[in-house]
Amino acid sequence: VSTSNVASDTLHRMSTAPDQLRQKMAWALGQFIVISMTIDIYADQYVPYQAILSADAFGNFRTLLGDITVSPQMGQYLDLANSNQAGVGGGANENYAREVMQIFTIGLNYLNLDGSLMLDGQGNPRPTYLQPDVVHTAAALTGWTYPTAPGQTPQPNNQPYFDSPAPVMETRQANHDTTAKTLINGCTLPAGQTVVQDTNGVLDCLFNHPNVGPFVAIRLIRNLVASNPTPGYIQRVATVFNNNGMGVRGDLKAVLTAILTDPEARQDTVTLDAGGNPYYMLNGASVSYTPGKLKDPIYFIVSFVRTMNGAIPPGTVIPWNFVAMGEQVNQPQSVFGYWSPLYRLPLKPTLSGPEYQIYTPTESVEEANMLQTIISMPASDPNIDLSGFNAAVNSTPALLDLADTQLFYGRMPLALRKALA
């Protein structure tokens, strides 16, 4: 199956699958736990990664971390497969060891529960790890190789193979560094452990690091709800990550529930002050905040099609349209994703706006052109239903009411309504 077919299937599923919340959560997780078809170029090298994100979307973050780590898809993408102890095949590869810390779990510096930087006595950020921590973590993760292909003899370092019924890498104890290791945050691993024991030790150490709650909270809130969550919002979600109310850490279903039901996410709780600035009430106090986020090009188009009671058909030919919009389907250009999660608005650097990094005047015109094409050919690819708008074409108030209901959730600003009229 080609890369373009996988992209077509991705868009079709995003627009038509009945489990849309799961689809959106899997997409949000995939924006910071990244695999790209720029390297995993075939379907069997990529689709199981999508399946892991989907299966674990409402599960536990530790399970997700484990499933991703031992997948041959990630083994190829970040070079964990055939990473061996010193003196065997070139020694330990540090790529996954570094990225699983920096990008997937804890970030570069210690965070307070509300996502703010934790400073040392001199007012400087406290790094979460240093190069020796990367070296020891990489050593602890040595000894994994690709699954053995049917009919082949297991090798010390298998060649890449992905079509296994259970897509999990195999261990090679002879290639594993069995020395004692010192990891981040005071974690240690004794000498003489197996590949699985050391790997679980690394992942348990990361999972229980105090940064994971606020780090994951920030990433998921920004990918799902708002680019500029308040510290209080981050802290409320991070608190649920640390404990779902029943003593369970890392419950992604509880985290997602906290994100979507928070007063900062629920627009029905919003009030505007005299200056038109939004705020919500929490425990008797008003909280000012900056709501919203820019939809990335893929979800901008997908959500419009769904809102218009349409669909992106199987075998759709539109994936290439997103190349011009800076977001080639399933092909982020780096392990950081399609954009930097730290990107700020150029004209207002006090505000975060990650998706704006790929939203230049060129991309804005491309998105408008895409909408024009869809609306002009509603029975094409994608398809949408314009019957309601066609029925109201002779009544401006009726058209505005329908647009307000269908596209603005009944919250169209009065000034916009007057301008459209």
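Start by selecting Cys205: at 7% relative accessibility this residue counts as buried, a word that here means under 20% relative accessible area, with exposed over 50% and partly exposed in between (1.4 Å probe, protein chains only). You're looking at a predicted model, where local features need pLDDT of at least 70, side-chain atom pairs count only at pLDDT 80 or more, and totals for chains, interfaces and linings use all residues. Residues are numbered from 1 along each chain as its sequence is written, and side-chain values use heavy atoms, leaving out hydrogens and water.

A disulfide (cysteine sulfur atoms within 2.5 Å) joins Cys187 to Cys205, S to S 2.2 Å. Cys187 sits in the loop between strands S3 (181–182) and S4 (188–189), while Cys205 is in helix H8 (residues 195–207). Helices (H or I, at least four residues) and strands (E, at least two) are DSSP runs, numbered from the N terminus. The torsion about the S-S bond is about 95°, so the disulfide is right-handed.

Next, hop to Thr10 in helix H1 (residues 3–16). Thr10 is buried, at 2% relative accessibility. Show Gln50 too: a 3.0 Å polar contact joins the two side chains. Such a contact is a pair of N or O atoms within 3.5 Å; within protein, one must be able to donate a hydrogen and the other to accept it, and residues adjacent in sequence count only if both atoms are side-chain atoms.

Last stop: select strands S6 (residues 278–282) and S7 (residues 285–288), which run antiparallel and are joined by 4 bridges. Strands pair if DSSP finds at least two bridges between them. Look for Leu282 opposite Ala285, then Asn283, with its positive phi near 55°.
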